[in-house]
Amino acid sequence: MDKVFDSPAAAVGDIPDGAVLTVGGFGLCGIPSTLIDALVTAGTTGLRVVSNNCGVDDWGLGLLLRAGRIARMTSSYVGENKEFARQYLAGELEVELTPQGTLAERLRAGGAGIPAFFTPAGVGTQVEEGGLPWRYAADGSVALASPPKEVREFGGRRYLLEEAITADFALVRAELADRHGNCVFHAAARNFNPLCAAAGRITLVEADRIVEPGELAPDAVHLPGVYVDRVVAADPEDRRIERRTVRPALQEV
């Protein structure tokens, strides 16, 4: 089955207002920026997004956020986006902060059809006890707080029950994809992308290069095409370096 769409606009065209999205990427690495840009242009709003972070102010999910299109974020890290902090503290954005490993496992469980699991992460903290502010009121009070989690003991150790995550749509970025949706990711750009893809009921992949079926060695495939519904071409130059660190030039003696 040929899963390639002619344009990113066509691929995201049926994503409705209020949809739940899983979005791959870690920091600015492996961000599905082409599909995000198409959503910005489409005007889709009220989105409930699950992603490790929310991009930066002028790129990635930060573009949807700046346009007021995101109603809720489930993330593990939000420290690089000033607009995110402003909306959250002003009560304009609902935020569920989740330990990073727990977020990864909630996505994996969702893709595997496992409804919930027990984990030691968060035991003895507000993650267990509840009360983490998910949404503030305009006056700065907590309008919605996280509920307490179920706790059980296994082998003399306490564990929290965490629910799996599934989404209406998943947006991910790959280095290579064939027309059947089989994907290969480049190094660390794999990050949350396969997990987000598996957790989405309809998965959209943007790829730096689209190849013909059979060109990808089976052992090289990171994400089988069974998880992928739509493939679009991405701009391979559309990348950012989050923090550039270089050594001082060596001085000649």
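Select strand E10 (residues 167-178): with three residues, this strand gives the most to the lining of the second largest pocket. Strands here are DSSP runs of E with at least two residues, helices are runs of H or I with at least four, and both are numbered from the N terminus. The model is predicted, so local features need pLDDT of at least 70 and side-chain atom pairs count only at pLDDT 80 or more, while totals for chains, interfaces and linings use all residues. Residues are numbered from 1 along each chain as its sequence is written, and side-chain values use heavy atoms, with hydrogens and water left out.

**Stop 1: the second largest pocket**

A pocket is an open set of points on a 1 Å grid over the protein atoms alone, where a 1.4 Å probe fits, with protein on both sides within 12 Å along at least five of seven lines; lining residues have an atom within 4 Å of a point. The volume is about 290 Å³. It is the space filled by probe spheres set on the points, which are joined across faces, edges and corners. Colour by class: eight lining residues are nonpolar, two polar and seven charged. Ala, Val, Leu, Ile, Met, Phe, Trp, Tyr, Cys and Pro count as nonpolar; Asp, Glu, Lys and Arg as charged; the others, Gly among them, as polar.

**Stop 2: the loop between E11 and H7**

Select the loop between strand E11 (183-184) and helix H7 (193-199), where alanine 187 lies. Alanine 187 is not a glycine, yet its phi is positive, about 50 degrees. This alanine is exposed, at 58% relative accessibility. Exposed means over 50% relative accessible area, buried under 20%, and partly exposed in between (1.4 Å probe, protein chains only). Asparagine 191 sits in the loop between E11 and H7 too. Its phi is also positive, near 20 degrees. Asparagine 191 is partly exposed, at 24%.

**Stop 3: the largest pocket**

Go to Arg72, Glu96, Arg106, Glu163 and Ile165, the residues nearest the centre of the largest pocket. Its lining has 20 residues, and its volume is about 380 Å³. Strands E2 (47-50), E3 (70-75) and E9 (157-163) each supply at least two lining residues. By class, 10 are nonpolar, two polar and eight charged.

**Stop 4: alanine 19**

Finish in the loop between helix H1 (8-12) and strand E1 (20-23), at alanine 19. Is alanine 19 buried or exposed? It is buried, with a relative accessible area of 1%. Show its contacts (heavy atoms within 4.5 Å). Leaving out residues up to four places away in sequence, alanine 19 touches Gly46, Leu47, Arg48, Asp168 and Phe169.
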